[in-house]
Amino acid sequence: MNPLAAILVRDMRLAVRVGGGALMGALFFLIVVTMTPFAIGPELTLLARIGPAILWLGALLASLLALDRLFVTDHDDGSLDLLMMAEVPLELTVAAKALAHWLTTGLPLVVIAPLLGLMLNVDMHVLGWLALTLAAGTPALTFVGLVGAALSVALRRGGLLLAVLVLPLTVPVLIFGVASANAAIAEPTPFGPAFTILCALSLASLVLGPIAATAALRHGLE
Amino acid sequence: MAHRASEPAVVMELQAEGLACNRGGREVFRNVSFKVAAGEALIVTGRNGTGKSSLLRMIAGLVRIAAGRLTLTGGVADAAIAEQAHYLGHQDAMKASLTVAENLQFWTKFLGSRGDFSPALELLGLAPLADLPAAYLSAGQRRRLSIARIVAVTRPVWLLDEPTSALDTPSQTRLSEIMRGHLAEGGIIVAAAHGAIGLDRARELKLGAA
């Protein structure tokens, strides 16, 4: 098992053990989506129309929920020091941690999204497409959030700072995520363009996120 | 120390010239120079706040070098000092929800050791606790687990920050045997300490003496 596989396995184990946040994101997502009809009212056509937007907003907030702990726990127990002293480039370590985070918090959101879509009266036939847009877009949320998570260690401020820093950066992902989900519902608009841009955002963040997060962690050296 | 891979003998030397450290805008120390060759130990002493830990963290690449030079000759070419050094700090770098074995297994794999980690557990007397979550360990047991980490992965430079803290007398004796073994194999030890750590011919670097 190589070093990156080792950190992937460790982080996933930590997420599913006591005190880990693996299912918190999915539960939060469930609650946000369940609360929406209570706030808006049980008008089915309206729910169907805003359903994709609610699902995307819920997924966005849920995927950022546990992110601030990504580096803080490693910083507090001294693990981060040792992670920085390894032969493996820190960029790759950071990317492996982000991947583990996505697999334990992002992927469950994608899996339960079709079920929650039913609760919002989203058309049965597009639930799969909707999950596909989430699958393509949530990695971008995790990898953009990674930068915020690293900064919250470097600046020694947790929690809210992360949300304030990261949420504005996720606006493009939200726009194209909801646009591609809506395109899947309303036939005349082509699904392709918005979805490709969403994939492009994810791929770009996959590269830039770890580099920026590593720069933030290194800068945090004192 | 039969479990360690035998390495070709290289004349290794860690040199510091005119090191200075600033933390939070305050100068902690300056003009610190020393040389430690393979098989030698350097004990860094000094009162609280004179920068013993900062010096160790600086060698480990975790604190920015404000001035001066730090070089390791005779080590692996194009590897940073940090990649050839073990840092044993005040924190254990062990996850409470993972078991003792899982913690140690992770660090040996992550730090690139192909060897088995169980002899290290055995050596530090932690083998009976291997399946216990690290959360239930005492301070001394956690310390021993950290020491098992630096034993399980072969790296030439050991940076030990008050290594004997929280250890009982038998464990301190065990630690000094381990350190002597490391020196005998041509390793380098830089340790910050207030008291004796059980090394006979260690040189001393006194910080904040001025």
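View 1. Take the contacts in chain B with a separation of 6 or more: 73% of them join residues 24 or more positions apart. A contact here means that the C-beta atoms of two residues, placed from the backbone, lie within 7 Å. Keep in mind that this is a predicted model, where local features need pLDDT of at least 70 and side-chain atom pairs count only at pLDDT 80 or more, while totals for chains, interfaces and linings use all residues. Residues are numbered from 1 along each chain as its sequence is written, and chains are lettered from A and ligands numbered from 1 in the order in which they are written.

**View 2. The helices and strands of chain B.** Chain B has five helices and eight strands, which are DSSP runs numbered from the N terminus (helices: H or I, at least four residues; strands: E, at least two).

**View 3. Chain B, inside and out.** The C-alpha atoms of chain B fill a box of roughly 50 × 35 × 30 Å along the principal axes. Of its 210 residues, 44% are buried, meaning that 20 or more other C-beta atoms lie within 10 Å of the residue's own, with C-beta atoms placed from the backbone.

**View 4. Where chain A meets chain B.** Chain A brings 22 residues to the contact, and chain B brings 24 residues. On the chain A side, α1 (3-16) and α5 (79-84) are the elements that give two or more residues. The largest share, six residues, comes from α1(A).

How values were computed: Buried ≥ 20, exposed ≤ 12 C-beta atoms within 10 Å, placed from the backbone.
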